[in-house]
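My notebook is open, and I am jotting down what I look up as I go.

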Amino acid sequence: MRKGFLTFAAVGLLATGSMAACGDNSGGSDQAGGSSDKKPKIGVILPDSKSSARWEGADRKFLEEAFKAANVDYDIQNAQGDKTQFQTIADQMITNGVTALMIVNLDSGTGKAVLDKAKSQGVATIDYDRLTLGGSAQYYVSFDNEAVGKLQGEGLSKCLTDKGAKNPVVAYLNGSPTDNNATLFKNGYDSVLKPKFDSKDYTKGPDQAVPDWDNTQAATIFEQMLTQTKGKIDGVLAANDGLGNAAISVLKKNKLNGKVPVTGQDATVQGLQNILSGDQCMTVYKAIKEEAKAASDLAIAVAKGEKKDTGQTVKDPEGGRDVAAVLLTPKAIYKENVKDVVADGFVTKEELCTGNYAKLCADAGIS
């Protein structure tokens, strides 16, 4: 992976010697780590495989590689969007002796119940990618999610300007209302776009959340938006590539694809192909390998009963507490720098540049 593409905001995590023993000699445990006399074992619960290709295509792979390299026992499971299954998996992992549990919650209520139970059993806990509001996770590893949203807002504004749009109507396809990240993304893009609505440079169009990040529902919602506005939508702030592609599928049916800028997030193969073809104006690249590396390093340490100083905290607005955090820096991707995502090793030329996309890749300097 190319050096220096992303940087840790929390440099303390990387500091040599930042770990300190946490468990006592009697094998007891405290709030910052698992029992020191138990064999380290890490449990990871991923949320689903429908909302984004990243969970199974990237996160699982990178986490497994890190745990295998460290020679620690681990168990990675996917709840497939089922809250009951999520809790069942957590119970099984705790019963089977995990000393650290890392979760991507489906919602904060389910996540909190799981984290609280793990904590009561002396299991170290990490929120991965999504903060559990009101929860008890000792650590949080993610990207600066308001920065993600800001890049999306700036990206849509740039694309509208490039198209010479005058007083454009902008529609929002927001992420799931149960995902705190979706709230942070919206805070970010609102910070860019709301002043334009207030100044009447832009017109605020339909604004709707998509339950569970469901792409099928997103297409239905966007079709309704287009009907509601009688086809007058000039830009779409879609919170990730899946939602963006759902909007693009509707725009294609109405022969509006390529004319209406659409944003995204996650730099999926599909999203990048949409950018190369001109149907999507930008995405936000989050180097999952770096996020997984930060999270796995942390999980391995706390599974052994150690503490780690991340050098940074985030505020849980519901719980009112500061959570030790590692936040990474996202990057905006347009047609001219799609090649950066390939150079970084996140997607391969072979999977991106298939069929009709081969020439588009060559035109974009992807070699």
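I started with Ile-300, which at 12% relative accessibility counts as buried; buried means under 20% relative accessible area, exposed over 50%, and partly exposed in between, with a 1.4 Å probe and protein chains only. Ile-300 sits in helix H9. Helices (H or I, at least four residues) and strands (E, at least two) are DSSP runs numbered from the N terminus.

A note on the source: this is a predicted model, where local features need pLDDT of at least 70 and side-chain atom pairs count only at pLDDT 80 or more, while totals for chains, interfaces and linings use all residues. Residues are numbered from 1 along each chain as its sequence is written, and side-chain values use heavy atoms, with hydrogens and water left out.

**Who touches Ile-300**

I listed its contacts (heavy atoms within 4.5 Å). Leaving aside neighbours within four places in sequence, Ile-300 meets Ile-42, Ala-66, Phe-67, Ala-70 and Val-72. Ala-70 is 230 residues away from Ile-300 along the chain, yet their C-alpha atoms are separated by 7.8 Å. I then checked Ile-42: not counting residues up to four places away in sequence, its contacts include Phe-67, Val-72, Ala-100, Ala-299 and Ile-300.

**The core**

Of its 45 residues, Ile-42, Phe-67, Tyr-128, Leu-272, Leu-352 and Ile-366 touch the most other members. Elements supplying at least two residues each include strand S2 (41–46), helix H1 (54–70), helix H8 (269–276) and helix H9 (288–303). H9 gives the most, with 9 residues. Why does this core lie between domain 1 and domain 2? Domain 1 (41–143 + 287–328) and domain 2 (145–286 + 332–364) both give residues to it, so it lies between them; the bounds come from an automatic or database domain assignment.

**Strand S6**

I moved on to S6 (139–143). All 5 of its 5 residues are buried, so S6 is largely enclosed by the rest of the structure. Tyr-139, Val-141 and Phe-143 point one way, and Tyr-140 and Ser-142 the other. As a reminder to myself, in a regular strand the side chains alternate between the two faces of the sheet.

Which strands pair with S6? Two strands pair if DSSP finds at least two bridges between them. S5 and S6 pair in the parallel sense over 3 bridges, with Tyr-128 opposite Val-141. S6 is also joined by 5 bridges to strand S13 (residues 321–328), again parallel, and here Tyr-140 stands opposite Ala-325.

**Helix H3**

In H3 (residues 108–120), I noted Ser-108, Thr-110, Gly-111, Val-114, Leu-115 and Ala-118 as buried. The exposed Gly-109 and Ser-120 are on the face turned away from the buried side. The buried residues pack against helix H2 (83–95), S4 and S5. After H3 comes Gly-122, with a positive phi near 75 degrees.

**Two positive phi values outside glycine**

Asn-71 has phi near 60 degrees, positive in a residue other than glycine. I placed Asn-71 in the loop between H1 and strand S3 (73–78), and at 70% relative accessibility it counts as exposed. Asp-212, not a glycine either, has a positive phi of about 60 degrees. I found Asp-212 in the loop between strand S8 (203–209) and helix H6 (215–228); its 52% relative accessibility makes it exposed.

Conventions
Core = buried A, V, L, I, M, F, W, Y, C linked by side-chain atoms within 4.5 Å.
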